[in-house]
Amino acid sequence: MGTDEKEKNDLRSVALDDAGSMLRAHQRERELLAAKEALEQRTRELADSLATMQDSLAAQQRAEAELRHEREWFQVTLASIGDGVITTDTRGTITFLNPVAERMTGWTTNEALGLPLECVFTIVNEHTRQTVESPVGKVLREGTVVGLANHTTLIAKDKTEVAIEDSAAPIRDLHGNISGSVMVFHDVTARRRAEEALREADRRKDEFLATLAHELRNPLAPIRQAALISKARGATDAQKRWSHDVIDRQVQHMALLLDDLLDISRVTRGSLVLRIQPTDLASLVAAAVETARPVIDTKRHTLSIELRDEHVRIDADPLRMAQILSNLLTNAAKYTDPEGRIRLSAKCAPHEVVIEVADSGIGIRAEALPTIFAMFAQVPSTRDRSEGGLGIGLALTKGLIELHGGKIEARSAGLGRGSQFTVRLPRRAEVSQRESAREQATVSPVSRRILIADDNRDSAESLAALLELEGHEVTIVHDGAGAVAAFADARPEIALLDIGMPGLNGYEVARRLRQSHPASAATLIAITGWGQEDDKVRARAAGFDHHLTKPVDLQRLSELIRAEAAWRPVPASRA
């Protein structure tokens with residue numbers, strides 16, 4: 001029994017050991033499974049973290065690529081912009097210059113990087129020449145945008161100067177803190193010159209208006225005084241004739257001033273039409289000398305004329321060419337001291353005619369020569385010259401010459417050394433292809449019935465008196481309605497109608513006359529102070545045959561009346 005019991009105990013012990021081993025194995029297995037699950041969970045977490053990191057890395061790479069693209073775009077934009085651009089850090093040290101800034105300052109980016117802005121961007125006031133602080137200093141101190149600064153001049157590295165306008169703004173980081181500044185500036189030299197030219201033109205305009213008022217006022221004193229002498233009871237016939245001559249001269253002077261004003265306006269607007277015809281050069285010179293002779297003789301000048309070929313013919317408007325030459329001769333006489341010398345010469349080249357007008361006068365300063373033909377320009381003088389004129393004579397002369405296809409230039413050795421004006425005109429060989437101007441018919445004076453309608457009684461009555469002296473029958477009215485009624489009663493052959501009449505103006509009167517008397521062959525002539533090309537077009541549209549500006553040139557009016565008489569039969573009876 002003892003042996004069996006022992007064996008049982010041994011077997012029980014072995015069984016317990018095996019059971020314990022199995023329990024421990026199962027426990028280990030559970031632990032391993034738990035560790036496996038934990039490891040798998042951790043692996044999954046690591047995989048998720050890795051995926052997240054990869055996504056973040058990809059996003060960062062994309063962001064860096066976009067940032068590089070934006071920087072490249074920004075650099076290209078700054079490089080291509082038309083203004084100069086300079087950036088600085090918070091200390092005002094340069095961090096960037098675009099190509100325009102490099103060109104304007106004379107510094108390259110590599111040279112300027114790290115330098116204080118003042119070393120590269122030096123500006124002064126264009127008037128005081130005092131150094132001016134750049135807008136960057138205020139931007140960095142106050143953190144505000146600084147607007148355009150005017151009247152500053154940039155001094156480049158090579159000491160050249162450029163007129164500029166500049167402005168600056170702060171550069172801020174993501175947190176709103178100032179990290180630097182950006183300054184933009186551009187060249188305004190052309191604009192400054194244009195502004196100065198406008199100021200100079202305005203100054204010349206003011207001088208012109210003052211001179212015009214003076215020139216128009218001057219003739220009024222002798223006209224008034226001569227009129228008083230003419231009607232004085234004790235005036236002799238000689239004194240009356242003298243007063244009449246004075247009035248005639250002064251009126252002609254005022255008419256010439258007004259004609260010049262109208263001509264320069266037409267030339268400027270391109271509305272002046274030339275009447276080109278084959279013209280003898282010698283006759284042009286003779287007409288010009290005749291016009292300028294009173295001024296030349298008054299100052300006792302010696303005039304010499306040199307024509308290499310007296311039989312030269314050119315294609316030109318004879319009236320305007322004579323005006324050109326007389327303007328140059330008169331100008332030479334005005335600006336030459338008494339007993340001076342004036343020379344007019346002309347010579348021919350194969351394709352042009354060269355005309356020169358030279359004098360021994362006061363000369364022209366070198367700085368005045370480039371603008372001598374500008375509107376309202378006056379020849380600078382060291383003394384007052386009452387005959388200085390309006391300052392449009394040379395501008396008008398240049399315009400008329402250019403209309404002829406020519407050119408003019410002025411030369412002078414300086415003050416006191418005289419002046420020389422050279423006109424070059426083309427010689428057109430095929431003159432036969434040009435339409436010659438129609439010659440005015442010369443007829444014996446014929447009495448005509450004439451109606452004058454003008455609300456200015458003195459103007460109407462004085463003109464009527466002159467026409468009556470020529471043998472015409474004249475009817476006078478002073479308003480538009482009266483003109484319409486008088487036309488039906490008097491049956492005039494010629495009607496001189498003022499435009500600015502009360503009630504019906506001259507245009508309306510002309511339209512009514514043409515509508516109510518369609519069979520009438522009467523000549524309607526507009527008499528007005530309005531002489532622009534548009535006024536003439538409007539007059540023709542209203543039914544006028546001719547357009548004359550006040551004061552009326554009696555010789556021109558007489559020519560029109562004679563021209564009408566050249567084809568109109570003389571009336572057999574008068575009503």
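The exercises below work through helix packing, the nonpolar core and the aromatic pairs of one structure.

The model is predicted, so that local features need pLDDT of at least 70 and side-chain atom pairs count only at pLDDT 80 or more, while totals for chains, interfaces and linings use all residues. Residues are numbered from 1 along each chain as its sequence is written, and side-chain values use heavy atoms, with hydrogens and water left out.

**Exercise 1.** Describe how helix α10 packs against helix α11, and state which residues make the contact.

*Solution.* Begin with the geometry: α10 (residues 318–334) and α11 (residues 393–403) pack at an angle of about 145°, with axes 10 Å apart; axes are lines fitted to C-alpha atoms over the stretch in contact, and angles run from 0 to 180 degrees between N-to-C directions. Helices here are DSSP runs of H or I with at least four residues, and strands are runs of E with at least two, numbered from the N terminus. Next, list the contact (heavy atoms within 4.5 Å): α10 contributes Arg320, Gln323, Ile324, Asn327, Leu328 and Asn331, and α11 contributes Gly393, Leu394, Leu396, Thr397, Leu400 and Ile401.

**Exercise 2.** Determine which residues have the most contacts inside the largest nonpolar core, and what Phe421 touches.

*Solution.* A nonpolar core is a set of buried Ala, Val, Leu, Ile, Met, Phe, Trp, Tyr and Cys residues joined through side-chain atoms within 4.5 Å. The largest such core has 44 residues, and those with the most contacts inside it are Leu281, Leu328, Leu329, Ile342, Ile355 and Phe421. Turning to Phe421, and leaving aside residues up to four places away in sequence, one finds that Phe421 touches residues including Leu328, Asn331, Phe373 and Leu394. Phe421 counts as buried because its relative accessibility is 5%, where buried means under 20% relative accessible area, exposed over 50% and partly exposed in between (1.4 Å probe, protein chains only).

**Exercise 3.** Find the aromatic pairs of the whole structure and classify each.

*Solution.* Rings of Phe, Tyr and Trp (its six-membered ring) pair if their centres lie within 6.5 Å, and planes under 30 degrees apart count as stacked, over 60 as edge-to-face and the rest as tilted. The search finds 2 pairs. Phe121 and Phe185 form a tilted pair, 4.9 Å centre to centre with 55° between the planes; Phe121 lies in the loop between α4 (117–120) and β3 (122–125), and Phe185 in strand β7 (residues 178–187), 64 residues apart. Both Phe121 and Phe185 are buried. Phe373 and Phe421 form an edge-to-face pair, 6.1 Å centre to centre with 85° between the planes.
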